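Please read them with the structure open.

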Amino acid sequence: EEEYASYLENGRYKINDTPLPSVSLPLIGRETELDTVHDMLASSHTAFLYGIGGIGKTAIALQYIADHRHAYDHVLYVLTDKGISQAICDDTSISISGLKYDRKKYPVMRQYFREKIRILRELSEKKKILIVIDNMNVPADKDLRLFLELPCDKIITTRVNYAIVPETEK
């Protein structure tokens, strides 16, 4: 009875944190950038880190996680070179107990993406979650807006400056 009551109270789905890459050396001289990420997450729940390869976008994201891990119930780290839909639908990257891709139940991957976004929204309203999407370099992604509407904190590293991508292509 106790387990069933807990199940009803906490919901059917549970996020499984993803393994995080280790931060081998402390990030020195990037305090301003780390503070900016923190401020952006506090005001809009989203921070885009963009620029050419090798300038430290991933290092800043990982250092932010290391510095602020204690403030979150769950941290999800997704390394991708694909669009947001593929990143979210990858059950090895974002694992939610009680939810798995099933071709019979979701004949179109977009259905599974929408279901997973719905569940992430539901879980984000109960728990403090940080999702880091690393290396998302797809300029035209029709699913990005749904992801950005999640009420959790999101850091996206990319080589694409989404501020200059025309709205029709986003």
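1. Basis. This is a predicted model, in which local features need pLDDT of at least 70 and side-chain atom pairs count only at pLDDT 80 or more, while totals for chains, interfaces and linings use all residues. Residues are numbered from 1 along each chain as its sequence is written, and side-chain values use heavy atoms, with hydrogens and water left out. Helices (H or I, at least four residues) and strands (E, at least two) are DSSP runs, numbered from the N terminus.

2. The sheet. Four strands form an open sheet in the order E2-E6-E5-E3, with parallel pairing; strands pair if DSSP finds at least two bridges between them. E2 (46-50) and E3 are the edge strands, each pairing on one side only. From one strand to the next the twist averages 10°.

3. Strand pairs. E2 and E6 (residues 153-158) run parallel and are joined by 5 bridges; Thr 46 has Lys 154 in E6 as its bridge partner. E3 and E5 also run parallel, with 6 bridges between them, and Val 78 stands opposite Ile 133 in E5. Although E3 is an edge strand, 5 of its 6 residues are buried, so E3 is largely enclosed by the rest of the structure. Buried means under 20% relative accessible area, exposed over 50%, and partly exposed in between (1.4 Å probe, protein chains only).

4. Helices on the sheet. H2 lies across E2, E5 and E6 and runs at about 145° to E2. H3 packs on the sheet too, touching E2, E3, E5 and E6, and its direction makes about 160° with that of E6. Axes are lines fitted to C-alpha atoms, for helices over the stretch in contact, and angles run from 0 to 180 degrees between N-to-C directions. Contact means heavy atoms within 4.5 Å.

5. H2 against H3. How do the axes of H2 and H3 cross? The axes of H2 (residues 31-44) and H3 (residues 57-68) come within 10 Å and cross at roughly 70°. That makes H2 roughly perpendicular to H3, a label for angles of 65 to 115 degrees (under 35 is roughly parallel, over 145 roughly antiparallel, the rest oblique). On the H2 side the residues are Glu 33, Leu 34, Val 37, His 38 and Leu 41, which meet Ile 60, Gln 63, Tyr 64, Asp 67 and His 68 in H3.

6. Cores. A nonpolar core is a set of buried Ala, Val, Leu, Ile, Met, Phe, Trp, Tyr and Cys residues joined through side-chain atoms within 4.5 Å. The largest has 29 residues, and those with the most contacts inside it are Ile 88, Ile 96, Leu 120, Ile 131, Ile 133 and Phe 147. E3 (74-79), H4 (84-89), H5 (109-124), E5 (129-134) and H6 (144-148) each supply at least two of its residues; the largest share, 6 residues, comes from H5. A second, separate core of 16 residues includes Leu 34, Val 37, Ala 61 and Tyr 64.

7. Positive phi. Most residues other than glycine have a negative phi. His 45, in the loop between H2 and E2, has a positive phi of about 65° and is partly exposed, at 33% relative accessible area. Asn 135, in the loop between E5 and H6, has a positive phi of about 75°; its relative accessibility is 27%, again partly exposed.
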